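These are my notebook entries on one protein chain. I looked up charged pairs, then cores, then the surface.

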Amino acid sequence: MLSSAGGTNWRVGFNAGDRAFHFGPSTYIPYLDTLENWSATFARLCDEHGFTDLILYGDARPVHQQAIAIAHDLGITVHVFEEGYLRPYWVTYERNGSNGYSRLMDISVDDMRETLAVTDMEVPSPPAHWGDLRQHVFYGALYHWFVLFRNRPYAKMARHRALTVFQEAKLYSKRLFIMPIQAAKRAYTTRRVKNGGYPFHMALLQLEHDASFQTHSDYGTMAAFIADVVAGFANGAPSHHHLVFKAHPLETGQLPLRQIIRQHATDLGVLDRVHFVRGGKLAQLLDHARSAVTINSTAGQQVLWRGIPLKAFGRAVYDKPEFVSSQPLDAFFADPDRPDGRAYREFRQYLLETCQLPGSFYATKGRRQLLREVVDLILAPSDPYDRLAAGKAPPRQPITQID
């Protein structure tokens, strides 16, 4: 689409998966060297090709950070894509940074409210389901197949994750094999919690290797977060309340989460009130929860949308004092502050007017819907936040359900 608009596009690839998903061989640049030499190589590429724009998926990995630094020095515009802050129905598009690097971190709700005063867009309702999770899993598996079996030319490039691709493949294969057993356990635990008749709080776990967890929080491990949450619950929650840990849907089983949770709960004498649910849909339990805690998961937005009290420990774009609690953890479990629902709805509307685009990366219909808007945003002289403030927000296409 950028080519149709008159641009010349190049793709730098760091593994065989990148190469397999780029269908223009003449515009593909394989990077076959080490991470230490990447900055110098990228600076040379910018000089040779006269790049004007840098487009990234994510911005926290080492290759991203080095490229962004060079781009800023050279006056190159940086465009960052991410999964939607309002997942799963939207894609995030920002300039210069996302998540903890986003401009949203420095824009107050009052500033958003003032800007929204001149708009009249109707806020669409969230979808009822993920929509493209199956496509996500399929393309992820296909991508890593190439990395597993065709990656020899890229052997010098170090992975940003602790596990090798073979180790991850082994974990995912095991997970696939025991999926029916886990589904039965999940259904049993979910039903027991929902029918238990007791108030319960939720702890939303994340993938430990996730860039947002590693870059935008002070926790080095998920085990440390679990320890703090169990301690806060044991010290603050009323004795008839329960705590439910919910694992990320794509958790591989690399960490023995259930054992870690059981050990901390046993040590603090609350084992009979602490539960663990592996994967599954969050809404089934969240609709009945008293409160929720997270590091900086985007699932926090689902919590706030329902008006449920939320405490966050990491840096997140939704971490605003109007609707995210600043209470100490034990006080939060004892009597959590309710979020300002009106302020959150204004925040959500601001996202939908600026950085949230309808569509998806993995489903064909979602990509088509995304492309109708995103190229014009890339070619615009200013970012979505400045455009909205100037009264020049682009028109939006009617949103339809993406299957």
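Entry 1: The model is predicted: local features need pLDDT of at least 70, side-chain atom pairs count only at pLDDT 80 or more, and totals for chains, interfaces and linings use all residues. Residues are numbered from 1 along each chain as its sequence is written, and side-chain values use heavy atoms, with hydrogens and water left out.

I found that Arg 103 forms a salt bridge with Asp 386, with the closest N and O atoms 3.2 Å apart. A salt bridge here is a side-chain nitrogen of Lys or Arg within 4 Å of a carboxyl oxygen of Asp or Glu. Side chains of opposite charge can pair when their charged atoms come close. This pair links distant parts of the chain, 283 residues apart: Asp 386 sits in helix 16, and Arg 103 in the loop between strand 5 (90–95) and helix 4. Helices (H or I, at least four residues) and strands (E, at least two) are DSSP runs, numbered from the N terminus. Asp 386 is partly exposed, because its relative accessible area is 37%.

**Entry 2: Asp 383.** Which residues are linked with Arg 103 in a network of salt bridges? I noted Asp 383 and Asp 386. Asp 383 lies in the loop between helix 15 (364–379) and helix 16 (384–389). Asp 383 has 7% relative accessibility, so it counts as buried. Leaving out residues up to four places away in sequence, Asp 383 touches Arg 95 and Arg 103 (contact means heavy atoms within 4.5 Å). A polar atom of the Asp 383 side chain also lies 2.8 Å from the backbone nitrogen of Asp 386.

**Entry 3: other salt bridges.** The count of salt bridges comes to eight. One of them joins Asp 287 and Arg 306, with the closest N and O atoms 2.6 Å apart. Asp 287 lies in the loop between helix 11 and strand 9 (291–294) and Arg 306 in the loop between helix 12 and strand 10, so the pair ties together parts 19 residues apart in sequence. I also checked Arg 11 and Asp 18, where the closest N and O atoms are 3.6 Å apart. Arg 11 is partly exposed at 27% relative accessibility, while Asp 18 is buried at 9%.

**Entry 4: the cores.** The largest nonpolar core has 41 residues; such a core is a set of buried Ala, Val, Leu, Ile, Met, Phe, Trp, Tyr and Cys residues joined through side-chain atoms within 4.5 Å. Among the members that touch the most others are Leu 104, Phe 200 and Tyr 350. Which element gives the most to this core? Helix 14 does, with six residues. I looked up Leu 104 too: its contacts include Tyr 85, Met 112 and Tyr 385, not counting residues up to four places away in sequence. A second, separate core has 27 residues, including Phe 225 and Leu 257.

**Entry 5: the whole chain.** I noted 16 helices and eleven strands. Buried residues make up 48% of the 403 residues. Of the contacts between residues at least 6 apart in sequence, 67% join residues at least 24 apart. Trp 145 is in helix 5 (residues 133–149) and counts as partly exposed, because its relative accessibility is 37%.

Note on methods
Buried means under 20% relative accessible area, exposed over 50%, partly exposed in between (1.4 Å probe, protein chains only). A polar contact is a pair of N or O atoms within 3.5 Å; within protein, one must be able to donate a hydrogen and the other to accept it, and residues adjacent in sequence count only if both atoms are side-chain atoms.
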